[in-house]
Amino acid sequence: MTPIFCCAPDNDLFLAYTAAGGRADRIPDPDRAIDAAPNGAAVFVLADDYPAKRTALSSADFAAAQAKELRLYLEYPAQLPGLTLGESRTATWERIAAVDDTFLPERSILAAHACVYLPAQVDHPLLAIGRMAGYDTAEFGIPESAQPILFEFGGALVATTKLSGFRTGRYAPTASWSALWNGILSRLVPELPVVLSWQPVVTPTLAPDDPVDATAERAALDRVVNWHLRADVLINDNAEQVARELIPLPTEAAARDRLPLERGNGRHGILEGYESQIQPDGSQYARIALRADCLAEAAMVFAAADREVDIAANLLDYLYGDSGLCRGDRADPNHPAYGHIGWGSGSQPWETANYGDDNARVILASLLVSAQAGSQRWLEAIVRAVLANLRTTGRRGFRGDRIDMPELTEHGWRYFHDRENVNLSPHFECYLWACYLWAYEVTGRREYLDCARTGLATMMAAFPTGWRRNDVTERARMLLPLSWLVRIEGTEEHRRWLSDVAEDLVRDQQSNGAIPERELGGPGHFQASRANEEYGLSESPLIQHTGDPASDQLYTTGFALIGLHEAAAATGDARLTELADRLAGYLVRIQTTSTQPRLDGTWLRAFDYRRWDYWSSSGDLGWGAWCIEVGWGQSWIALALALRQSGASLWDRVTSVRPAPELADRLWSQMLGPRDR
């Protein structure tokens, strides 16, 4: 018998079923559908106008379906006879898991993202939703507080949410949702075997084994530039004003909806990106922070690709000017914060933060833009920033994660300059060392080299087990300063350091080029959730255990690619070139392809290289699996692709930017005292 679908014509399940060759009748009204259905027929009563409107099926209709022994599937119901349904809830950290193996392996995890569901009390749910830690499976079981999502009721299958919105809502992972729906269909329509498949809204650009050449790399670079232009992240003056009003507020959807997303030209900044949570219509809310690192790194993308260099210049002008991030006490030569670059604008905690790593990435990106734009108008601010960080770096070459304005005001910069602190975290420390190596190369002042060399030596003495976070991200970050140290002092020891870190980074590199995340331990590493209750409460990795097949495009692969590129350029080592080629090919393959401009030509944070799908554990408090960050990894991927196209290195580019000796000497004397060789 031909099944009947009660749904809108664009319902994902209906479209996938008919596209697979399934015969179906569509009757939008549930009353008419049940009345028209032959005895024993399958009827799918699906949610329309979800989540605003619940599916209406009267008790009489339900009784009629039972009397006709219909194989009924009902979702997001307004009521069920004899069963109380609670007020709707919206999933935040909750995920769906299989309670038994009826349709999927027991405890298999599915993400329906920000689905809206109805609490209920049933004895034996087939699927349940709750806060659950794990990568593919609910690592610590399904909590007692989990609510039913799919269950049998009066001979029907009932879903308390819209399971049929799997494509529009970008439910993940795709293969598991396909298996679930094929299992449901095989139960309800066994006489009409149909195998569902569909093209997700967002897909990798290429298959795992597709070849990638220079032309494909150039296309990937062009597409990520286009993403910046088409994704509504470059904001205009109206959006900047609203963003500054919204930043201090909680990040409720209603607040974000006030932000007018219209393309600007860089003169009013750029948004932080898009958050990981995917809404039922497939959209993602903008992250509205106005951050220094995002401004500079986005500018770097435009400049490195030699496209829209005027936008790159506007972004840096805004960063060092109207953003306010370099004004106030940071612009006062008599204040110990002089020269620092603020973390973000619009919120007091952000405005007081001085992260060394964020400053370092701003400095390096600004140098690249200066080189490409042929302009030195930001150079004094760049040198001030280098000196501001140098004079708050301790005697052993370490600055610490961050030094905020109240601490600087209370203690003064010499307090931090004279410390003997050690912070074994390349993530926070090592890009400043790269800045100091640049400063040594262009000024000849040995203090820069001594600081970088001392810090790198201490860090490498603790390698490979003593680093604070001790993961592949830390290894990826170390490659850049080690490569530049080899440029300056190519000793056998320094070359060995570079080789050791590179080989450890790529120890598990896959044949398709992926660099898997690894849980290596350490006193301060991002730790996977150790209980369901911990999921979503702190920063955490994409994996639950080493071996989970995830690569991280926010924190690892972009920095790994630029690091391998610089290592190969510094050493001429064919092995390093090969490793960079493999990783570049992987990143080109997994770049997003979508008909939606905000999702096309970018990199989501997580990718599962076995499934070849955007999937991982998504318990990170701020940056989940599906987030898009304007700066960070995406920008460094783009930079590396651009440098590969030109045959140049980042070292070549930044060392072409040289402050005049009188400028370097004046700022040194102003910020650290008289020139003293």
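In which strand does Ser551 lie? Ser551 lies in strand E17, which covers residues 550–552; strands here are DSSP runs of type E with at least two residues, helices are runs of H or I with at least four residues, and both are numbered from the N terminus. The model is predicted, so local features need pLDDT of at least 70 and side-chain atom pairs count only at pLDDT 80 or more, whereas totals for chains, interfaces and linings use all residues. Residues are numbered from 1 along each chain as its sequence is written, and side-chain values use heavy atoms, with hydrogens and water left out.

**Surroundings of Ser551**

With a relative accessibility of 0%, Ser551 counts as buried (buried means under 20% relative accessible area, exposed over 50%, and partly exposed in between, with a 1.4 Å probe and protein chains only). Its side chain makes a polar contact of 2.7 Å with the side chain of Tyr586, where a polar contact is a pair of N or O atoms within 3.5 Å, one of which, within protein, must be able to donate a hydrogen and the other to accept it, and residues adjacent in sequence count only if both atoms are side-chain atoms. Beyond its neighbours within four places in sequence, Ser551 is in contact with several residues, including Ile515, Thr557, Arg605 and Phe607, contact meaning heavy atoms within 4.5 Å.

**Two helices**

The expected span of a helix is 1.5 Å times one less than its number of residues.

| Helix | Residues | C-alpha span | Expected span |
|---|---|---|---|
| H19 | 557–571 (15 residues) | 21 Å | 21 Å |

An open sheet of mixed pairing is formed by 9 strands in the order E2-E1-E3-E4-E11-E10-E9-E6-E7, two strands being paired if DSSP finds at least two bridges between them. Strands E2 (25–26) and E7 (109–110) stand at the edges with a single partner strand each, so one side of each is left without a neighbour in the sheet. Strands E10 (residues 147–153) and E11 (residues 156–159) pair in the antiparallel sense over 4 bridges, and Phe151 has Val158 in E11 as its bridge partner.

**The whole protein**

In total the protein has 23 helices and 20 strands. Buried residues make up 62% of its 677 residues, and its C-alpha trace spans about 95 × 50 × 45 Å along the principal axes.
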